Amino acid sequence: MKLPIKKLEDIVREIMSPLEGTAHSYAHVERVAQIAAILAKEENADQELVQTAALLHDIGYAVGEPHNETGARLARRILEQSTNLPEQRIEKTVKIILRHPIASRSKLETVEEKIVWDADKIDLLGVIGIARVFHWMSRKPFETAVNTCFEELKPICKLLNTSSARKIAKRRQRRTTALLSALKEELLIEDLKTIEAAEGNC
Ligand SMILES: [Fe+2]
Ligand SMILES: [Fe+2]
């Protein structure tokens, strides 16, 4: 029987509804699932496994920390109750969810684990990555968010595991670098050292 992906999407959307408007909302999950599908195609990976795990990867944020562990337990329950996936595939999905945090990179084994890890991190690159950092650090000092962008976002590109993720990430990384150097200039008012009329309208 085909995996009831629409049913799973509805379940995840409902469970994650309290997280709406946060940096780890269902909208993030949807983006990660789309990125993961692109990577799975490029890497000839198990598309169904990648899609299921990407969809469930952050469900633990609705339950409690550590979100990969709470998420893995909840994902197992959902898959056992709402699908007829064999135990072996449920176990593979649970492992992908358990191993998706940045700190678990050294534990990654299968190409599907690497793809979901990479897709999740690609959503931290480019303009969206910087926007997400400022959003989830909105209660922290502004300087903390700035430092996180400079110190933690730029190295992510080098950590990606699959060659297709690294290819995609290069485009986003160029935007990250351009945005961060503009931010640095403006923080130091260096952009106003010479006042030249820029082309175009405000
Ligand atoms: Fe996560
Ligand atoms: Fe995530």
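To begin, display the surface of the protein chain: the chain exposes about 11600 Å², and carbon and sulfur atoms supply 53% of this area. Accessible areas come from the Shrake-Rupley method with a 1.4 Å probe, and for residues only the protein chains shown count as cover. The model is predicted: local features need pLDDT of at least 70, side-chain atom pairs count only at pLDDT 80 or more, and totals for chains, interfaces and linings use all residues. Residues are numbered from 1 along each chain as its sequence is written, chains are lettered from A and ligands numbered from 1 in the order in which they are written, and side-chain values use heavy atoms, with hydrogens and water left out.

**The whole chain**

Switch to a cartoon view. The protein chain contains 10 helices and 0 strands; helices (H or I, at least four residues) and strands (E, at least two) are DSSP runs, numbered from the N terminus. Along the principal axes, the C-alpha atoms fill a box of roughly 65 × 35 × 35 Å. The protein chain has 202 residues, of which 43% count as buried. Here buried means under 20% relative accessible area, exposed over 50%, and partly exposed in between (1.4 Å probe, protein chains only). Of the contacts between residues at least 6 apart in sequence, 64% join residues at least 24 apart, where contact means heavy atoms within 4.5 Å.

Colouring by charge shows 31 positive and 30 negative side chains, and the centres of the two sets lie 4 Å apart. Lys and Arg count as positive and Asp and Glu as negative, while His and the chain ends are not counted; the place of a charge is taken as NZ of Lys, CZ of Arg, CG of Asp or CD of Glu.

**The iron ions**

Next, select the iron ion (ligand 1). Asp-58 (OD), His-67 (NE2) and His-100 (NE2) coordinate the iron ion (ligand 1) at 2.1 to 2.2 Å. The two histidines join distant parts of the chain: His-67 belongs to helix α4 (residues 67-82), and His-100 to the loop between α5 (87-98) and α6 (111-122), 33 residues apart. Both His-67 and His-100 are buried. Donors are N, O and S atoms within 2.8 Å of the metal (3.2 Å for Na, K and Ca); water is not among the atoms, so sites may look incomplete.

Asp-58 bridges the iron ion (ligand 1) and the iron ion (ligand 2), which lie 3.7 Å apart.

Then move to Pro-66, in the loop between α3 and α4. A cis peptide bond joins Glu-65 and Pro-66, with omega about -10 degrees. In general, most peptide bonds are trans.

**Helix α3**

Select α3. Of its 10 residues, 7 are buried, so α3 is largely enclosed by the rest of the structure. The buried residues include Leu-49, Val-50 and Thr-52. The buried residues of α3 pack against α1 (5-15), α2, α4, α5 and α6.

**The nonpolar cores**

Show the nonpolar side chains. A nonpolar core is a set of buried Ala, Val, Leu, Ile, Met, Phe, Trp, Tyr and Cys residues joined through side-chain atoms within 4.5 Å. The largest such core has 32 residues, and those with the most contacts inside it are Leu-39, Ile-115, Leu-153 and Leu-160. The elements that give two or more residues to this core include α2 (26-42), α3 (47-56) and α10 (163-187). The largest share, 6 residues, comes from α2.

Centre the view on Leu-39. Not counting residues up to four places away in sequence, Leu-39 touches residues including Ile-115, Ala-119 and Ile-168. A second, separate core of 19 residues includes Met-16, Leu-55, Leu-74 and Ala-75.

**Loops and the end of the chain**

Select Thr-162, in the loop between α9 and α10. Thr-162 is buried, with a relative accessible area of 4%. Leaving aside neighbours within four places in sequence, Thr-162 is in contact with Glu-43, Lys-114, Ile-115 and Asp-118. Thr-162 and Asn-44 are 118 residues apart in sequence and 11 Å apart in space, C-alpha to C-alpha.

Asn-44 itself lies in the loop between α2 and α3 and counts as exposed, at 72% relative accessibility. Its phi is near 50 degrees, a positive value in a residue other than glycine.

Finish at Ile-189, in the segment after α10. Phi of Ile-189 is near 55 degrees, again positive in a residue other than glycine, and Ile-189 is partly exposed, with a relative accessible area of 48%.
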